[in-house]
Amino acid sequence: PHAANDVRAFADRHVRGRASYRLPPGATVVAFVPVATNKGRAVRRLMQYLPFRGRLPVFLGDDLTDEFGFDAANGLPGWSVLIGEREPSAAVFALPDIRSVHAWLRENAY
């Protein structure tokens with residue numbers, strides 16, 4: 001957090017004028033993202049390939065850009081899990097924190 005302004009300025013300098021990349025909003029992240037993609041498109045594409053094809057997608061996230069992934073998981077159909085709190089959210093389920101995620105995974109992953 002102490003370097004957030006410098007990191008954002010660096011990103012702005014390197015993306016400005018490049019039509020093929022964007023800087024999506026995020027709470028504590030700066031990401032260089034190709035314009036034609038987002039997390040939802042990535043999830044839908046991955047689910048077309050083995051070993052993912054025919055499986056249940058489970059998308060967990062805590063960032064604003066994770067909403068695209070939640071939408072994709074919901075539409076496949078699958079599970080969408082927001083970590084923390086944010087209103088509104090497309091996530092169907094929520095866990096309060098990362099400790100809860102770890103506990104949920106221990107109980108449910110196989």
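Visitor: What is the relative accessibility of D66, and does D66 count as buried or exposed?

Guide: D66 counts as buried because its relative accessibility is 6%; buried means under 20% relative accessible area, exposed over 50% and partly exposed in between, with a 1.4 Å probe and protein chains only. The model is predicted, so local features need pLDDT of at least 70 and side-chain atom pairs count only at pLDDT 80 or more, while totals for chains, interfaces and linings use all residues. Residues are numbered from 1 along each chain as its sequence is written, and side-chain values use heavy atoms, with hydrogens and water left out.

D66 belongs to helix α3, where helices (H or I, at least four residues) and strands (E, at least two) are DSSP runs numbered from the N terminus. The helix covers residues 66-75, and its buried residues are D66, E67, G69, F70, A72 and A73. Among the elements that cover these buried residues are α2 (39-46), β3 (58-61) and β4 (79-83).

The surroundings of D66 involve two of these elements. Leaving aside neighbours within four places in sequence, D66 is in contact, that is, with heavy atoms within 4.5 Å, with K39, F59 and G61. With K39 there is also a side-chain to side-chain polar contact of 2.6 Å. A polar contact is a pair of N or O atoms within 3.5 Å; within protein, one must be able to donate a hydrogen and the other to accept it, and residues adjacent in sequence count only if both atoms are side-chain atoms.

When neighbours within four places in sequence are set aside, F68, G69 and A72 are in contact with G40. Between G40 and E67 the C-alpha to C-alpha distance is 7.9 Å, although 27 residues separate them in sequence.

N38 lies in the loop between β2 and α2. With a relative accessible area of 15%, N38 is buried. A polar atom of the N38 side chain lies 2.9 Å from the backbone nitrogen of R41. Not counting residues up to four places away in sequence, N38 touches R22 and F68.

β3 pairs with β4 in the parallel sense over four bridges; two strands pair if DSSP finds at least two bridges between them. In this pairing V58 stands opposite W79, and S80 is the bridge partner of F59. β4 is largely enclosed by the rest of the structure, because four of its five residues are buried.

The bond from L50 to P51 is cis, with omega near 10°, and P51 lies in the loop between α2 and β3. A further cis bond joins E87 and P88, with omega about -10°; P88 is in the loop between β4 and β5 (93-95). Most residues other than glycine have a negative phi, and most peptide bonds are trans.

Finally, the whole chain places this part in context. The protein chain has four helices and five strands, in the order α-β-β-α-β-α-β-β-α along the sequence. The C-alpha trace spans about 45 × 30 × 25 Å along its principal axes. Of the 110 residues, 28% count as buried. Among contacts between residues at least 6 apart in sequence, 19% join residues at least 24 apart.
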